[in-house]
Amino acid sequence: MSQTPTVDASLYTYRVTWSVEDDEFVASCVEFPSLSWLAGSQSAALRGLVDLVAETVSDLAAEGEVIPEPLAKRNYSGKFNLRVGEGLHRRLAIQAAEEHLSLNQYLVRRLSEAS
């Protein structure tokens, strides 16, 4: 009998924000977009959602369903293709040249500043 690998629910990508509509903190999880947890404090919202995700992972495993891999454990190549219009490509190439950078270096810098 094969063992289903266990996933540590704390490894998923969580965010806790204030909900004006609910007048409470709401926790969400990128890998489980349909799940959320409301609570009066940030820590309680996060704790509640981590517990809910752990239960969900356990239920998925018991049913033989696919368990999402945490984003933190996924492999990334560092490469992605992006298609832009000719005009934008030209403007970006000019801006890169003005800063004496390759287009790739320029875009990495701009993306780093935006995050």
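Trainee: Let's start with Y12. Buried or exposed?
Mentor: Y12 is buried, with a relative accessible area of 4%. Bear in mind that this is a predicted model.

Trainee: Noted. How many aromatic pairs turn up in the whole structure?
Mentor: A search of the whole structure gives 2 aromatic pairs. Y12 and F32 form one of them, with 5.1 Å centre to centre and 80 degrees between the planes.

Trainee: What do we call that geometry for Y12 and F32?
Mentor: Edge-to-face. The cut-off is over 60 degrees between planes.

Trainee: Which parts does the Y12 and F32 pair tie together?
Mentor: Y12 lies in the segment before β1, and F32 is in strand β3, residues 32–39. So the pair ties together parts that are 20 residues apart in sequence.

Trainee: And F32, buried or exposed?
Mentor: Buried, as F32 has 7% relative accessibility.

Trainee: What about the rings of W18 and F25?
Mentor: The ring centres of W18 and F25 are 4.9 Å apart and their planes are at 75 degrees, so this pair is edge-to-face too.

Trainee: Switching to strands. How do β1 and β2 pair?
Mentor: Antiparallel, over 6 bridges. Strand β1 covers residues 14–19 and β2 covers residues 24–29.

Trainee: Which residue in β2 is the bridge partner of R15?
Mentor: That's S28.

Trainee: How many residues sit between β1 and β2?
Mentor: There are 4, and the two strands form a hairpin. D23 is in the turn. D23 has a positive phi of about 60 degrees, although it is not a glycine.

Trainee: Is D23 buried or exposed?
Mentor: Exposed, because D23 has 55% relative accessibility and the cut-off is over 50%.

Trainee: Where is H100?
Mentor: In the loop between α2 (86–98) and α3 (103–114).

Trainee: Buried or exposed, for H100?
Mentor: H100 counts as exposed, at 72% relative accessibility.

Methods. Residues numbered from 1 in each chain as written. Predicted model: local features only at pLDDT ≥ 70, side-chain atom pairs only at ≥ 80, totals over all residues. Heavy atoms only, no water. Pairing = 2+ DSSP bridges. Buried < 20%, exposed > 50% of the residue type's maximum accessible area, 1.4 Å probe, protein only. Phe/Tyr/Trp six-rings, centres within 6.5 Å; stacked < 30°, edge-to-face > 60°.
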